[in-house]
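Please open the structure in the viewer and keep the sequence beside it.

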Amino acid sequence: MHLANRSLATAVCSAAVLLAALTGCAPQPEAGPQTKASGQAGGTAGACAPGKLATEVPGKLTVGTDKPAYAPWFSDDDPSNGKGFESAVAYAVAKRLGYDRDAVVWQHVPFNSAFAPGAKKFDFDINQVSINEDRKKAVAFSSGYYDVRQAVVALKSSKAAKATSLADLKDVKLGAQVGTTSLEFINDLVKPGQKPAVYQRNDFAKSALKTGQVDAIVVDLPTAFYITGAEVPEATVVGQFPNSTDDPEQFGLVLDKESALTSCVSDAVDALRKDGTLAALEKEWLSDAVDAPVLK
């Protein structure tokens, strides 16, 4: 810098310092770009600071799930009681993120709305939502917290109860909840001769099974064992579908497509898997989901 210019700059800076001292107003730095989280996140470490995430409600963690909240994923239709696999997982993730139980707020989110396009009012949703590429176009997912198997449930008196292969299911009337991978397995793997019945909720599918409107329904394996053990004792778990070893189906926590929390939540899930917490919770809450015959 030219000597004259340097002297001028020094004089200007000195004047600014003197003015600040007299008025008590320090010069403000130029505002930088703000994150979606209003500046709460300043890099990976800051973004995942325990209990200080850029959440929907500051200081709270809003978790979404459907209602009714079905067993064995939840208990007594009350996600907040910490009972049931997914309730327990949600609180374990919250703890990893630095949020105590009383800082977790539950929100009713219909199943299909959780992964539909559009902004979300929850920080993450937990509701047996399988991770797939189509859903990733609208939302973000955490790492998988549960490896899923789909299963067939039929009344013991039904011809579907005698099925030992996928071919045996082609001529029976099958049903499943809309928008689920259970329905995808019927259409893509079984390819039945008649169009499957589709229901808005699993409750409706179970009612159809009870009344004989369908020969069998497809649900995830733990739900299948719960249905036959506690809700429809006259039904049986016929078997489970094989899972791809290259790309196994997994449930993931659902987040807004642009959520700044996704990596933090995934880190929490990964840590819970690594330290054995997920396996312990699975054993505690899903122990009835023992091996079932594989339908090939």
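**First stop: Pro196**

Select Pro196, which touches Lys173, Leu174, Leu183, Ile186 and Asn187, leaving aside residues up to four places away in sequence; contact means heavy atoms within 4.5 Å. The model is predicted, local features need pLDDT of at least 70, side-chain atom pairs count only at pLDDT 80 or more, and totals for chains, interfaces and linings use all residues. Residues are numbered from 1 along each chain as its sequence is written, and side-chain values use heavy atoms, with hydrogens and water left out.

Pro196 belongs to the loop between helix 5 and strand 7. Helices (H or I, at least four residues) and strands (E, at least two) are DSSP runs, numbered from the N terminus. Is Pro196 buried or exposed? Pro196 counts as buried because its relative accessibility is 11%; buried means under 20% relative accessible area, exposed over 50%, and partly exposed in between (1.4 Å probe, protein chains only).

**Second stop: helix 5**

Select residues 181-190, which form helix 5. Its buried residues are Thr181, Ser182, Leu183, Phe185, Ile186 and Val190. The cover over these buried residues includes strand 5 (150-155), strand 6 (174-177), strand 7 (197-199) and strand 8 (216-220). Just after helix 5, select Lys191, which takes a positive phi of about 50 degrees.

Move to Thr55, in the loop between helix 2 (44-47) and strand 1 (61-65). Thr55 counts as buried because its relative accessibility is 8%. Which residues does Thr55 touch, not counting residues up to four places away in sequence? They are Lys60, Leu61, Tyr99, Asp123 and Leu261. A polar atom of the Thr55 side chain lies 2.9 Å from the backbone oxygen of Lys60.

Select helix 3 (residues 85-97) together with helix 9 (residues 277-285); their axes come within 9 Å and cross at roughly 155 degrees. Helix 3 is therefore roughly antiparallel to helix 9. Axes are lines fitted to C-alpha atoms, for helices over the stretch in contact, and angles run from 0 to 180 degrees between N-to-C directions. Angles under 35 degrees count as roughly parallel, over 145 as roughly antiparallel, 65 to 115 as roughly perpendicular and the rest as oblique.

Show the side chains next: Phe85, Ala88, Val89 and Ala92 in helix 3 meet Thr277, Leu278, Leu281, Glu282 and Trp285 in helix 9. The residues of this contact comprise seven nonpolar, one polar and one charged. Here Ala, Val, Leu, Ile, Met, Phe, Trp, Tyr, Cys and Pro count as nonpolar, Asp, Glu, Lys and Arg as charged, and the others, Gly among them, as polar.

In helix 3, Ala92, Val93, Arg96 and Leu97 meet Cys264, Val265, Ala268, Val269, Ala271 and Leu272 in helix 8. The residues of this contact divide into nine nonpolar, no polar and one charged.

**Last stop: the whole chain**

Finally, select the protein chain, which has nine helices and 10 strands. Of its 296 residues, 46% count as buried.

Terms used. Polar contact = N/O pair within 3.5 Å; in protein donor to acceptor, adjacent residues only side chain to side chain.
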